[in-house]
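Here is a walk through one structure, taken piece by piece. Keep the viewer open and follow along.

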Amino acid sequence: MFGDCHIHMVLDGVNWRAAIDHQRRGPDEALIRARLADYARRGVTFLRDGGDAWDVGLTASRLAGAYGIRYRTPCFPICRKGHYGGFIGRCFSDLMEYRAMVHEVREKGGHFIKIMVSGLMDFAQFGVLTDEPCPPDLARDLISIAHDAGFSIMAHANGSEAVSAALACGVDSIEHGAYLNEETLAQLAESGAVWVPTLVTIGNLRGLGRFPDQVLEPLLELQQNNVARAAKLGAKIALGTDAGAYAVCHGAAVEQEYALLKQALGENTDRILTEGEQAIQTRF
Ligand SMILES: [Zn+2]
């Protein structure tokens, strides 16, 4: 059974606002234990959290050992003030604040740094992202500061511009990675960074009526084609679901992501995902 290289223990796949409000004043240990037990029942032994500002993932990382799960957390994701990510992470307005946050992750016992360097896919409009990419100079500073502090870096990044800038600075994993062009896919393969495409965040929206299927179907197809192309170029690809995101349920999403990746990767799926997860486990 593959691990899940991208989850959010704080979220429930239903209503992010309510899920966060529920644990805003403190992690719900019983809920976390129930989710960990469910993962363990499914045979999952590795989880990497994308972080939250309320220590839910951090608490899970302390409890997970009892369930036979290796659990890695960045504590909280770090985002630029005024840009995507503030609903779940912590925002900085200058590098001094960013450095202090990196220091805080170390103090709290976080295992790596998670940064947000782009917006989301706009599921209502094909080809559109919800935010402008982080300027390359800033991305370089963010990544080098975290590396200098001895951390690996998981980057939420969509679009060739943001992904290319992050890869050029030696980022360790790319999350989502929507709309990558051929040049960026080749750069990904050369860089040795691991791509976690979280296909199920698109796939599970199909047929719900929340977003148009005329956008979701071609977007999923594009992402699956890019996954296949990246694999051919020799890129590292790992299974991660973004569990907790809308319509992406903890545990069940692992099989769903696997099925979507298998459509893209065919007979090589298990070998590629095993290598990808090993690379994640080594770096994180
Ligand atoms: Zn995420």
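Let's start with a pair of helices. Helix α2 (residues 29-41) and helix α3 (residues 56-63) pack at an angle of about 60°, and their axes sit 10 Å apart. That angle makes α2 oblique to α3. Their crossing is right-handed. On the α2 side the contact uses E29, I32, R33 and L36, while α3 brings V56, T59, A60 and L63. Sorted by class, this contact of α2 with α3 holds 5 nonpolar, 1 polar and 2 charged residues. Bear in mind as you look around that this is a predicted model.

How much of α3 is buried? The count is 6 of its 8 residues, so α3 is largely enclosed by the rest of the structure. The buried ones are V56, G57, L58, T59, A60 and S61. If you want to see what they pack against, colour α1 (16-23), α2, β2, β3 and α4 (95-108).

Two loop residues are worth a click here. V10 lies in the loop between β1 and α1, and A64 is found in the loop between α3 and β3. V10 has 28 C-beta neighbours inside 10 Å, and a residue with 20 or more is classed as buried, so V10 counts as buried. A64 passes that cut-off too, because 25 other C-beta atoms lie within 10 Å of its own.

What does V10 touch, leaving aside its neighbours within four places in sequence? The contacts are A19, I20, Q23, D52, W54, V56, G57 and G244. Take V56 from that list: V10 and V56 are 46 residues apart in sequence, yet their C-alpha atoms are 5.6 Å apart in space. Residue L129, 65 residues from A64 along the chain, is another story: the two C-alpha atoms are separated by 35 Å.

**The three-stranded sheet**

Now turn to the strands. There is an open sheet of 3 strands in the order β1-β2-β3, with parallel pairing. β1 (4-7) and β3 (70-72) stand at the edges with a single partner strand each, so one side of each is left without a neighbour in the sheet. On average, and ignoring direction, neighbouring strands of this sheet are turned by 20° against each other.

Strands of a sheet pair through backbone hydrogen bonds, either parallel or antiparallel. Here, 2 bridges join β1 to β2 (residues 46-49), running parallel. β2 and β3 also pair in the parallel sense, over 3 bridges. For landmarks, I7 stands opposite D49 in β2, and D4 has L47 as its bridge partner in β2. L47 in turn has Y71 as its bridge partner in β3.

In a regular strand the side chains alternate between the two faces of the sheet. You can follow this in β2: F46 and R48 point one way, L47 and D49 the other, and all of them are buried.

**Strands β6 and β7**

Another parallel pair is joined by 4 bridges: strand β6 (residues 113-116) and β7. M116 stands opposite H156 in β7. Is strand β7 (residues 153-157) mostly covered or mostly open? It is mostly covered, with 5 of its 5 residues buried. I153, A155 and A157 are buried on one side, and M154 and H156 on the other, which leaves both faces covered.

| Strand pair | Bridges |
|---|---|
| β1 and β2 | 2 bridges |
| β2 and β3 | 3 bridges |
| β6 and β7 | 4 bridges |

Finally, look at helix α6 (residues 160-168) and helix α7 (residues 182-191). They pack at an angle of about 25°, with axes 10 Å apart. The two are therefore roughly parallel to each other, and the crossing is left-handed. S160, V163, S164 and L167 in α6 meet T184, Q187, L188 and S191 in α7. By class, those contact residues divide into 3 nonpolar, 5 polar and no charged.

Key. Residues are numbered from 1 along each chain as its sequence is written. This is a predicted model: local features need pLDDT of at least 70, side-chain atom pairs count only at pLDDT 80 or more; totals for chains, interfaces and linings use all residues. Axes are lines fitted to C-alpha atoms, for helices over the stretch in contact, and angles run from 0 to 180 degrees between N-to-C directions. Angles under 35 degrees count as roughly parallel, over 145 as roughly antiparallel, 65 to 115 as roughly perpendicular and the rest as oblique. A crossing is left-handed if the near helix is turned anticlockwise from the far one by less than a right angle, and right-handed if clockwise. Two residues are in contact if their C-beta atoms, placed from the backbone, lie within 7 Å. Ala, Val, Leu, Ile, Met, Phe, Trp, Tyr, Cys and Pro count as nonpolar, Asp, Glu, Lys and Arg as charged, and the others, Gly among them, as polar. Two strands pair if DSSP finds at least two bridges between them. A residue is buried if 20 or more other C-beta atoms lie within 10 Å of its own, exposed if 12 or fewer, and partly exposed in between; C-beta atoms are placed from the backbone.
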